[in-house]
Amino acid sequence: MIEGDDRELLERSLRHAVDGATGPALDLALDALGWPDALEVDPHTAVSLLFELQGSANRASSALDRVVAAVVAPASDAAGVVLPTFGSPAPPARLLDDGRLTIEGLATAALPDRDTVVVVARRDEGEDVVVTVAVDDLEIRRIAGVDPDLGLVAVTGTLTPADAPRRPARPWPDAVARAQLAIGHELVGAARTMVALARQHALDRVQFGQPIARFQAIRHRLADTLVAIEVADAALDAGWLEGTPTAAAMAKALAGDGARTAARHCQQVLAGIGFTTEHDLHRWIRRVLVLDELFGAARTLTRALGEDLLATRQLPPLPPL
């Protein structure tokens, strides 16, 4: 466990790295300060610190690759990882009965610079396997979309058995849970920054001879947003403590919903300027809209959790207090 002075030092180092770089430069900075080693020693601390700072500063890195690979293919440090497509936590590839491997997923911006990529593929009978694929054998297309600064790429391809050596995968739900917690922390970080921007605007903007921060409607929106963020943060802590896919999915759903609540309320507080690119708020709103869709959006995860509850007639266990 990373505690005390070591945790404080790691947080300061990560904050300095995130404040000063994004993309490939941030990846290099994380390697230089030993974040991958921290991930191996204490995943909770390493993931929660980095991803919340990353969300708060609106930065991008390939750290999610390492988070997923640490579960499904821990020996593949030099490889990229294909992530599920938008809105789905399912494996990004299928291994068909005739042996063909079909891939349709996403990846971070670092993938084109890798030699190989790790893919989790699901057989028709439900078994998951890990496949190592040469990046040159895949079709990679940069995603412009809502948030091009995030740098995601779309990955597709069809390979034959000879092209794709494979081995049994570690449980995919465990990798999904770890990724959902990581993205949940990034959503919380982004939401906290949006609240800070809205709060500052409410203090600075004067109407009828007083700051709009004194208006009850403004205070209610900001208070509701803060409650949503703190609920999501508490759910993320519970997700780490309980360590189950269900707890992680609940935390990711609450983080996505809380971040969307923050985007909606903070945009209203900023009024007209909040709907323009003149103010920085749009950068975090764009990021939240994309992050919410990774490894299952809040609405789809909530629906799936509800369906599971109806099917099993059993509530998930309460997190330890």
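Arg178, Leu181, Gly184, His185, Val188, Ala191, Arg192, Val195, Ala198, Arg199 and Ala202 in helix α6 meet Ile218, Leu222, Thr225, Ile229, Glu230, Ala232, Asp233, Leu236, Gly239 and Trp240 in helix α7, where contact means heavy atoms within 4.5 Å. The model is predicted, so local features need pLDDT of at least 70 and side-chain atom pairs count only at pLDDT 80 or more, while totals for chains, interfaces and linings use all residues. Residues are numbered from 1 along each chain as its sequence is written, and side-chain values use heavy atoms, with hydrogens and water left out.

**Helices α6 and α7**

- By class, the contact of α6 with α7 has 12 nonpolar, four polar and five charged residues (Ala, Val, Leu, Ile, Met, Phe, Trp, Tyr, Cys and Pro count as nonpolar, Asp, Glu, Lys and Arg as charged, and the others, Gly among them, as polar).
- Helix α6 spans residues 172–204 and helix α7 residues 216–242; they pack at an angle of about 160°, with their axes 10 Å apart.
- The two helices, α6 and α7, are therefore roughly antiparallel to each other (angles over 145 degrees, on a scale from 0 to 180 degrees between N-to-C directions).

**Helices α4 and α5**

- Helix α4 covers residues 43–57 and helix α5 residues 63–72, and the pair packs at an angle of about 155°, with axes 11 Å apart.
- That angle makes α4 roughly antiparallel to α5.
- In α4, Val47, Leu50 and Phe51 meet Ala63, Leu64 and Val67 of α5.
- This contact of α4 with α5 has six nonpolar, no polar and no charged residues.

Methods
Helix = DSSP H or I, 4+ residues; strand = E, 2+ residues; numbered from the N terminus. Parallel < 35°, antiparallel > 145°, perpendicular 65-115°, else oblique.
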